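Hi! Here is the structure I promised to pass on. Have a look at it first, and then read my notes below.

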Amino acid sequence: MEIMPNRMDRGFFKYQNEFEAKALEVLRSGWYVLGKEVKSFEEEFAAFTGAKYCVSLASGLDALWIAFRILGIGAGDEVIVQGNTYIASIMGITINGATPVFVEPDESFGIDTEKIEEKITSRTKAVLVVHLYGMASRMDKIVQICQKHNLRLVEDCAQAHGACFEGKMTGTFGDVGCFSFYPSKNLGAFGDAGAVVVNDEQLAKDFRIFRNYGSEKRYYNKTVGANSRLDEIQAGLLRVRLSHIQELTEEKNMIAARYSTEIQNSKFSLPLLVKGATCVWHQYVIRCHKRDDLMNYLNEKGIGTIIHYPIPPHLSEAYQYLGYKHGSLPITENFADTVLSMPMYNGMKTEEQSYVIDALNSF
Ligand SMILES: *Cc1c(COP(=O)(O)O)cnc(C)c1O
């Protein structure tokens, strides 16, 4: 059996008629940028998260860097962030000239909240929390620390649409919640797309102006902004997907529950949730000291897996200028050497799940 690590076609065919009808509707409407689909999607996504406002943007990276830009965080400022994240989280900080200050992760792949305060300096302006792999981080502690030290709180929810901590949705704990709707994310468009959610009206307005060349009124530009608008066709297709998000998440939960109960092999450890947190299973990540052997073994059986992520940002060539070395962040580096993401996607057949489970158990 051939099993891909992820596949988007199954998610499309599940609701093919709805997607195709919506695409045709938008194509025939004659209106393609910043129209009624975008407005409706923003209202529906804000309601889904429980935030007051959503402003759609062109990508998840845009959501991050524009958030720090609008919060006024740039050169000379420090932002605390976990070491084990996708590099886009870090680029969101450094595009503005600010410096990321890395904190090691805890056992659940989230920022280790016990290690945040020792990294706070007079330059620290914000904490960026990443709800990695779909798991909500320890938000009670993080919110407490940010309030105590008067820091901004930004959430990278690119992998965590719908994940909650103590019943409250990720993205709504701090100043800005940043989302990506890249096709492979839990809420995926059919191309690049992103958004922020905020509760502050002025902040929402600032994002709306910034994404459209810094202009509120056509050809009157208040600031130097960007072109970061969501297409009508993507907004329309996202509305279709959002209307099914609950069943899509439940399906992933069921696959994860099977993996967690049926995978039994002392050679690896299975994902561990933080108390009070839910997970939407963007990835199902196991850790194994013989990771590369495991990966080859699965590959021989036709099972594709991915390492999220093999090179932590502080060791990436792009961030050599920050001056980190091998050994600077031992836990983060150990995760990079031991993590492996199992196949996990909507529309994954029961036989496919069983095949992965059996293969893992016989490793
Ligand atoms: C995907 C992702 C991003 C970037 O989103 P894009 O839409 O690809 O720009 C940022 N952070 C994390 C954690 C991601 O997984």
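The ligand takes up the space of the largest pocket. (A pocket here is an open set of points on a 1 Å grid over the protein atoms alone, with protein on both sides within 12 Å along at least five of seven lines; a molecule sits in one if more than half of its atoms lie within 2 Å of its grid points.) Before you go on: this is a predicted model, where local features need pLDDT of at least 70, side-chain atom pairs count only at pLDDT 80 or more, and totals for chains, interfaces and linings use all residues. Residues are numbered from 1 along each chain as its sequence is written, and side-chain values use heavy atoms, with hydrogens and water left out.

Around the ligand there are 13 residues, the closest being G60, D156, Q159, S180 and K185 (a residue is near if one of its heavy atoms lies within 4 Å). By type, the shell has six nonpolar, five polar and two charged residues; Ala, Val, Leu, Ile, Met, Phe, Trp, Tyr, Cys and Pro count as nonpolar, Asp, Glu, Lys and Arg as charged, and the others, Gly among them, as polar. Helix α4 gives the largest share, three residues.

Now the polar contacts (pairs of N or O atoms within 3.5 Å). In S180, a side-chain N or O atom is 2.6 Å from a ligand oxygen. Q159 also uses a polar side-chain atom, 2.8 Å from an oxygen of the ligand, while G60 brings a polar backbone atom to 2.8 Å from a ligand oxygen. The protein covers 91% of the 380 Å² of accessible area that the ligand has on its own (Shrake-Rupley method, 1.4 Å probe).

What about the aromatic rings? There are 20 aromatic pairs, meaning Phe, Tyr or Trp (six-membered ring) with centres within 6.5 Å; planes under 30 degrees apart are stacked, over 60 edge-to-face, the rest tilted. F12 and F190 are edge-to-face because their ring centres are 6.1 Å apart and their planes at 80°.

Most residues other than glycine have a negative phi, and most peptide bonds are trans. Yet F109, not a glycine, has a positive phi of about 75°, and a cis peptide bond joins H308 and Y309, with omega about 15°.

Note on methods:
Polar contact = N/O pair within 3.5 Å; in protein donor to acceptor, adjacent residues only side chain to side chain. 1 Å grid on protein atoms, 1.4 Å probe; cavity = no way out; pocket = protein on both sides within 12 Å on 5 of 7 lines; lining within 4 Å. Helix = DSSP H or I, 4+ residues; strand = E, 2+ residues; numbered from the N terminus.
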